[in-house]
Amino acid sequence: MDLEARVDELLNGAAKPPQSLGKLEKHLKKVILAWGEIHSEMKPHHIIFAADNGIIEEGVVNYPGEITYLQAKNMADGKATISCFCQCNQIPYSVIDIGINNAQEAGIHHKVAFGTKNFMKEEAMTQEEFDRAWAVGKEVVADLVQREGVNIFSFGEMGIGNTTTSSAVLHALTGMPPEFIVGYGAGLSSNEFLKHKRNIVAKGVECHKNKMQKVEDILRCVGGFDIVGICSGMLQCAKLGVPFVIDGFITAVAYACAFRIDNTIEKYGIPSHMSKEPGMAYSLLLGNIPADDVIIHANMALGEGTGAILMVSMLKTMSYTMQNMARLSDFVLSEPASAQTAAV
């Protein structure tokens, strides 16, 4: 019996009506097929890449840049929303300082630079900075698999201004007009601010269009260190045969970029929630994940990986349940009355 048939037997042979757990069954099957075997235990780890973005100089957010450091420190200290989500669900997590604009410690030090540059004025990062950020994503994933036996990842991010960088990446990647993909992000509340943000995305991408010949060029010119780390980390997951859970808009854009680089990543990416950002559904669809496959529709816009952790918790619950609940084969059913009469 091949693996897919064994997974179908695991799901359909459980003591419940067939497919009665809907999309949860579909996603658990995808996780197991990504593993290439049926593991008895799900060993998750959540990675949060934190970095600052130079584009905030253009007034695309209402929060000061210092929030990135302060919130990353809260995460590392176990006091942020994502920390509580992980602790409640007993999911280990790591905060990776891949580019916070502060010399103080906040999480695990992998700082490439003190934030990216303002892409309205110059490329967001040098080639050397991009290469280092790319290496960080790969190294963090590979180390956790080797050292802790992690068999499913989830990704989150922290960085003031990163809905602007991710919108710019998506606009450059697809040519989709900013009006369809740029949302309010964190803190914007007026239409004038939104128009300004959309204008910055359009003009910024236009500034670098001749330099952006491939996905990596787009990430380097208008992206953020967090998006680069997530994209690289996702590709490393696929290389190692480890499934991963996508969070909101920023991670969905990273996934779309990873899919453009290597479309076999589709076998490993699991959606979690539908972010409020207008480019969310489009980003997932670029990686062959239709909106209908997304389980959580909670109007969330926090980031950090909060939606992803809820999804990992559901997958853990499903994995445990399928391995421990009664089987249909355990039941001894009485013969229907009509069959008994016919036998007489």
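I began with aromatic rings: those of Phe, Tyr and Trp (its six-membered ring) pair if their centres lie within 6.5 Å, and planes under 30 degrees apart count as stacked, over 60 as edge-to-face and the rest as tilted. I then noted that the model is predicted, that local features need pLDDT of at least 70 and side-chain atom pairs pLDDT 80 or more, and that totals for chains, interfaces and linings use all residues. Residues are numbered from 1 along each chain as its sequence is written, and side-chain values use heavy atoms, with hydrogens and water left out.

**Entry 1: aromatic pairs**

I found four aromatic pairs in the structure. One of them joins Phe153 and Phe155, which are stacked with 6.4 Å from centre to centre and 20 degrees between the planes. I looked up burial next, where buried means under 20% relative accessible area, exposed over 50%, and partly exposed in between (1.4 Å probe, protein chains only). Phe153 is buried at 0%, and Phe155 is buried at 0%. I also recorded one aromatic cluster, formed by Phe153, Phe155, Phe244 and Tyr255.

**Entry 2: helix 2**

I took helices (H or I, at least four residues) and strands (E, at least two) as DSSP runs, numbered from the N terminus. The expected span of a helix is 1.5 Å times one less than its number of residues. For the 14 residues of helix 2 (residues 22-35) this should give 20 Å, and the end C-alpha atoms are 21 Å apart, which agrees. I listed the buried residues of helix 2, among them Leu28, Val31, Ile32 and Trp35. The buried residues pack against helix 1 (3-12), strand 4 (152-158), strand 6 (269-270) and helix 13 (306-324), contact meaning heavy atoms within 4.5 Å. Just after helix 2, I noted a positive phi of about 85 degrees at Gly36.

**Entry 3: salt bridges**

I searched for salt bridges (a side-chain nitrogen of Lys or Arg within 4 Å of a carboxyl oxygen of Asp or Glu). The whole structure holds 17 salt bridges. In one of them, the closest N and O atoms of Lys23 and Asp292 are 3.8 Å apart. Lys23 lies in helix 2 and Asp292 in the loop between helix 12 (280-285) and helix 13, so the pair ties together parts 269 residues apart in sequence. Lys23 is partly exposed at 33%, whereas Asp292 is exposed at 56%.

I next recorded a salt bridge between Asp293 and Lys26, at 2.8 Å from N to O. This pair links the loop between helix 12 and helix 13 with helix 2, 267 residues apart. Asp293 is buried at 13%, and Lys26 is partly exposed at 46%. Last, I noted a network of salt bridges that links Glu4, Asp8 and Lys29.
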